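Work through the exercises below with the sequence and the structure side by side. Try each task before you read its solution.

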Amino acid sequence: PEDALVIFTPSGKRGRFALGTPVLQAARALGVDLDSVCGGRGICSKCQITPGYGEFPKFGIHVDGEALTEWNAVEERYKSKRGMIDGRRLGCQAKVMGDVVIDVPPESQVHKQVIRKSATQRDIVMDPATRLYYVEVQEPDMHEPTGDFERLKRALADQWQVAEVTADLGILRRLQPVLRKGEWKITVALHKGNHDGAARILDLWPGYHEGGLYGLAIDLGSTTVAAHLCDLRDGTVLASSGLMNPQIRFGEDLMSRVSYAMMNPGGDVEMTRAVREAINALAASIAAEAHLKPDQIVEVVFVCNPVMHHLLLGIDPVELGQAPFALATSGSLSLAASELELTNLHRAAQVYVLPCIAGHVGADAAAVALSEEPNLSDDMVLIVDVGTNAEILLGKKTRVLACSSPTGPAFEGAQISSGQRAAPGAIERVSIDPVTKEPRFRVIGSDLWSDDPGFAEAIKGSGITGICGSGIIEAVAEMRMAGIVDGSGLIGSADQVGSPRCRAEGRTNSYLLHDGSADGGPVILVTQGDIRAIQLAKSALYAGARLLMDEMGVETVDRVTLAGAFGAHISPKHAMVLGMIPDAPLDKVTSAGNAAGTGARIALCNRAARDRIEAVVHEIHKIETAIEPRFQEHFVNANAIPHAVDAFPNLA
Ligand code: FES
């Protein structure tokens, strides 16, 4: 025979190839996912495969020992220098000589799956925009008058089928010495955006280079800026870090920042500068944490609400402060990091900003949609990203709605008398005995409850410092269940409740959660003002969700997903007792962790995901809470705990 049957596993793709065809070439012809950085020159070893021999009843073939060519010198050299697992071959060197079954091990696949480590983590298929490519460039001679860059472009087109390539002046300046040092062999870091257009050379090295490429996925929130540093080769998160958004000094919430920009000429510029400086600082610290240099970061993906989006881009957000809340642009953006003055990265680093859904529903909501995929759901799912501004999505396969709701920072522990950010020492779980009205609690940093033996010892390092968002939610819900707070949110007096923990403070009452004063620690109270702040926040959240349910024409939802930096820590039962979310079966209320951050990570690691979310955002129908009269009505009814009108049968 002149040709042979080649079957690849695990894909099952098959085809007939002329004898002598390299396995890598057969894989490419069939669209089998087999990696290669050196373009088949036996240098990178990314193309390793495992041929199977013997009987394959499933495929109805027998593979004998001569199905592939013998080891050649290139393979021998590679194996002796770098070692190779027994049974493996280099796909670019081994050639087909007979019917054969070839397994592509996971590490040889370009589109590697990042393994799910916990329930809140998503599988991410690796297909990053920036990858390394090794090429061999034709030497110039007197008869070949083209420039070195033109010959590099031709090599990339011939060897990697990259049609269009650009490079900035910085790259062109380095090109000639690098080409000569590598003796016309060169590795380039090539960035291919998800839209058509030229691929961009971000960096180059003489010869074959195997260094790492890294990316940042940044969730730019109004209160916090959170970043994941990812290895762009395999998606591993090397470090996660965050800091307070320094724009807080210009206003706590989004609208106060927009008004700062309106009232103060140049105010938007100040805020833009502040947030960019913070991102530069964050890039430096997160790189240091992972023992990398910030200039190894070649890509950044941003998700953020529309106001943060405009301020990051240096666009005055004033239009977002008034109806009809027009965005300067709602589309995704691909640009150079230097345009955003993000100088603490690789000098040619590229930025991708997810698209916004509308003037009040930003790229953060788009990222939640990318991570949670309500557009693929068979049942009606409500997704609530709890933050200073809540992003709410409701929908299923047929239709997805979105809105945002100004909850304020109470859920993040701000505006709460003893509130603090979720950090060691913060009370995060609370339980109150309905009979004795005595509390017990857990503090971040220890798994023990406050009445467990060894608790004092376990929290010695941090002490008890305050109460965080999930703690205050549980505290208020527990106070309601124990009858310390009534349905209107009023804290009873010591006499009414029958507990000395209720203290009169002026004309209202407070509940004493913890008294650390004997040891010089804080006195942690839940005050009437705290309850009011939580009521306002939860009413806004609930009203937004109800508005979407009205629009969708549903009375109940099948599932609720709590997302957000601390969404993972909110107990479903307490959220429902408080009336933060509409009634649903308790086992159908789950947490997605920081879904916006996960969405950013997916977009960082997978180019196709960028296309996907751009298409999905187009289909999401958005509801403007600010101009919707029913919002006010829902808001007022949701002020009661859990609710003035709506029933919660699943709590019974
Ligand atoms: Fe690089 Fe085979 S493709 S070693």
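**Exercise 1.** Find the open sheet of six strands and state in which order its strands lie.

Solution. The strand order in this open sheet is β16-β15-β14-β17-β19-β18, and the pairing is mixed; strands here are DSSP runs of E with at least two residues, helices are runs of H or I with at least four residues, and both are numbered from the N terminus. Two strands are said to pair if DSSP finds at least two bridges between them. The model is a predicted one, in which local features need pLDDT of at least 70 and side-chain atom pairs count only at pLDDT 80 or more, while totals for chains, interfaces and linings use all residues. Residues are numbered from 1 along each chain as its sequence is written.

Next, look at the two ends of the order: β16 (237–244) and β18 (333–336) are the edge strands, and each has a single partner strand, so one side of each is left without a neighbour in the sheet. From one strand to the next, the twist averages 20 degrees, where axes are lines fitted to C-alpha atoms (for helices over the stretch in contact) and angles run from 0 to 180 degrees between N-to-C directions.

**Exercise 2.** Decide whether strand β20 (residues 381–385) is enclosed or open to the outside, and name the strands with which β20 pairs.

Solution. Begin with the cut-offs: a residue is buried if 20 or more other C-beta atoms, placed from the backbone, lie within 10 Å of its own, exposed if 12 or fewer do, and partly exposed in between. Five of the five residues of β20 are buried, so the strand is largely enclosed by the rest of the structure. Val381, Ile383 and Asp385 point one way, whereas Leu382 and Val384 point the other way, and all are buried.

Now turn to the partners. With strand β21 (residues 390–396), β20 pairs in the antiparallel sense over five bridges; a hairpin of four residues joins the two, and isoleucine 383 stands opposite leucine 393. With strand β29 (residues 559–563), β20 pairs in the parallel sense, again over five bridges, and here leucine 382 faces valine 560.

**Exercise 3.** Which residues touch the most other members of the largest nonpolar core?

Solution. A nonpolar core is a set of buried Ala, Val, Leu, Ile, Met, Phe, Trp, Tyr and Cys residues joined through C-beta atoms within 7 Å. The largest one has 168 residues, and those that touch the most other members are Ile218, Phe302, Ala366, Val384 and Val476. Helix α12 (residues 528–552) supplies the largest share of this core, 12 residues. A second, separate core of 24 residues includes Leu34, Ile49, Val101 and Val104.

Leaving out residues up to four places away in sequence, valine 384 touches, among others, Leu541, Ala545, Val560 and Ile581.

**Exercise 4.** Is proline 140 buried or partly exposed, and which residues does proline 140 touch?

Solution. First locate the residue, which is in the loop between β10 (130–136) and α3 (148–160). Proline 140 has 16 C-beta neighbours inside 10 Å and therefore counts as partly exposed. Not counting residues up to four places away in sequence, proline 140 touches Asp148 and Arg151. The C-alpha atoms of proline 140 and tryptophan 184 are 9.7 Å apart, although 44 residues separate the two along the chain.

**Exercise 5.** Describe how much of helix α2 (residues 73–82) is buried, and what follows the helix.

Solution. Among the 10 residues of α2 one is buried, and the helix is hardly covered. Just after α2 comes glycine 83, which takes a positive phi of about 80 degrees.

Note on methods. Two residues are in contact if their C-beta atoms, placed from the backbone, lie within 7 Å.
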